[in-house]
Amino acid sequence: MSSGRREFLKLGAAAAASTALCPYPVFARGAAPKVVVIGGGFAGASCARALRTIDPAIAVTLVEPNPTFTACPFSNNVVAGLRELSAQQFTYEHVAAAGITLAGTSATAVDAAARSVTLADGARLPYDRLVMAPGIDIRWGALPGYDEAASASMPHAWRAGEQTLRLRRQLEAMPDGGVVVISAPANPFRCPPGPYERASLIAHFLKTRKPRSKLIVLDAKDVFSKQRLFQQAWAELYPGLLEWVPVSRGGAVTAVDPTTRTFVTDFGRHKADVANVIPPQKAGRIAEVAGVADRSGWCPIDPVTFESRLEPRIHVIGDAAIAGAMPKSAFAANSQAKTCAVVVARLLTGAAPSDPKLINTCYSLIAPDYGISVAGVYEPSGGQLAEVKGAGGVSPAGAPRETRAAEAVLAEAWFRTITAEVFG
Ligand SMILES: Cc1cc2nc3c(=O)[nH]c(=O)nc-3n(C[C@H](O)[C@H](O)[C@H](O)COP(=O)(O)OP(=O)(O)OC[C@H]3O[C@@H](n4cnc5c(N)ncnc54)[C@H](O)[C@@H]3O)c2cc1C
């Protein structure tokens with residue numbers, strides 16, 4: 001084991017201890033404190049559950065319009081025909097059984113002064129603390145030609161569900177010898193290694209099902225997460241099939257034409273048989289409506305409390321938050337959710353929050369039996385969440401195939417564990 005990995009494990013244990021769900025005493029108080037959580041994804045549902053575990057006296061309401069949550073991690077396997085969408089779907093039955101009140105509709109407004117959330121049905125929910133975890137929205141129109149209608153012919157599949165199946169069906173219908181083009185956005189965006197995992201699994205699909213085809217990744221960046229490991233594996237598994245075009249070689253897409261599935265760059269045009277646009281993103285729209293998103297479209301937070309820097313008593317977690325060095329991942333969202341729950345429970349009792357340590361691990365599959373990972377530990381530093389130096393690390397370069405196969409198994413185990421913890 002490398003010293004970096006050893007240090008990660010040590011710090012990971014410390015991080016787990018600092019965010020552990022150790023119950024705080026329930027202080028004598030009048031009415032039960034009310035916490036409203038907006039968004040029932042990896043961040044929101046996890047935070048709601050952690051709050052109930054920490055202090056069952058807190059009245060927690062989770063606002064989420066969808067009766068079923070569809071998870072993005074492993075949705076690239078669905079795209080590549082390696083898994084069914086149903087394996088990605090989870091109900092809120094167990095969340096409700098944990099004593100959380102479910103408001104099965106959208107939040108449409110937040111009145112920070114009056115401390116209330118307005119729902120789509122007109123009801124108002126008062127709160128003592130509000131946790132916002134609305135995930136992402138697509139910046140429609142930020143890429144010229146790419147509006148919501150365009151996502152029918154050029155799916156993004158960056159929110160799992162119907163879009164995931166649409167992309168898969170297009171790949172299945174494409175004749176052998178076709179050209180698939182994926183465009184990857186500039187940072188920041190949901191799941192930094194996600195476009196490259198998707199490219200890998202689509203390449204696997206093409207190699208095994210349509211071997212005369214070609215896959216081009218047009219990238220708005222020159223560097224990306226786990227790049228060396230991805231590129232080594234591509235050379236080994238998909239030579240001549242997968243071409244990655246960085247921004248310095250003309251990868252930046254400046255416009256798309258959905259009628260012809262064409263990507264326009266400064267260096268030329270790429271016409272695709274299957275076109276996957278991973279567009280620029282921002283925090284879920286309600287964040288903007290609530291006034292907690294800044295001009296970047298994301299939500300600035302205090303790294304100790306996750307409290308919005310723009311509105312008091314509102315905490316923002318998950319993809320919507322500006323979490324410094326922490327990537328926008330389900331693992332990170334879950335880690336932030338537990339930390340935030342501890343902080344909110346403490347603040348409700350008048351106790352001071354303590355500096356947290358948070359962890360993240362992102363697994364990626366390059367083939368069904370070829371996994372790699374990157375891990376990190378984070379702590380507040382200089383007003384942001386910064387990576388703890390020397391902690392974390394990536395899978396070793398040049399590892400044998402058994403190691404890659406073992407990481408693929410670990411990836412799957414991680415998904416089962418996190419979804420069982422949040423929704424099970
Ligand atoms: C292809 C792909 C692969 C990925 N793979 C991985 C992986 O392997 N590992 C990993 O850790 N991460 C992965 N991710 C990233 C992961 O999916 C996200 O980081 C994670 O879902 C973020 O959690 P969240 O709770 O912030 O947002 P979400 O999980 O998107 O949840 C947000 C919730 O808020 C709800 N909501 C939005 N607006 C409102 C409103 N107004 N009122 C009420 N509810 C609202 C939504 O309905 C949704 O249920 C992947 C992402 C993609 C796209």
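Residues are numbered from 1 along each chain as its sequence is written, and side-chain values use heavy atoms, with hydrogens and water left out. In this predicted model, local features need pLDDT of at least 70 and side-chain atom pairs count only at pLDDT 80 or more, while totals for chains, interfaces and linings use all residues.

**Exercise 1.** Describe the shell around the ligand and state where the ligand lies relative to domain 1 and domain 2.

*Solution.* The ligand is surrounded by 34 residues, the closest being Ala43, Glu64, Arg190, Asp319 and Ala330.
Step 1: by class, the shell has 19 nonpolar (Ala, Val, Leu, Ile, Met, Phe, Trp, Tyr, Cys, Pro), five charged (Asp, Glu, Lys, Arg) and ten polar residues (the others, Gly among them).
Step 2: the largest share, three residues, comes from H10.
Step 3: residues of the shell come from both domain 1 (6–65 + 104–137 + 282–354) and domain 2 (140–279 + 362–423), so the ligand lies between them. The domain bounds come from an automatic or database domain assignment.

**Exercise 2.** Determine how strands E12 and E13 are paired and connected.

*Solution.* Step 1: strands are DSSP runs of E with at least two residues, and helices are runs of H or I with at least four, numbered from the N terminus. Two strands pair if DSSP finds at least two bridges between them.
Step 1: E12 (residues 214–219) and E13 (residues 242–245) run parallel and are joined by four bridges. Ile216 has Glu243 in E13 as its bridge partner.
Step 2: the chain passes from E12 through helix H8 (residues 227–237) to E13 in a right-handed β-α-β crossover.

**Exercise 3.** Locate the cis peptide bond at Pro188 and the positive phi of Phe74.

*Solution.* Step 1: the cis bond joins Asn187 and Pro188, with omega about -5°. Pro188 lies in the loop between strand E11 (179–184) and helix H7 (194–209).
Step 1: Phe74, not a glycine, has a phi of about 75°, and its place is in the loop between strand E3 (68–70) and H3.

Notes
Near = heavy atom within 4 Å. Right-handed = clockwise from strand over helix to strand, strands pointing away.
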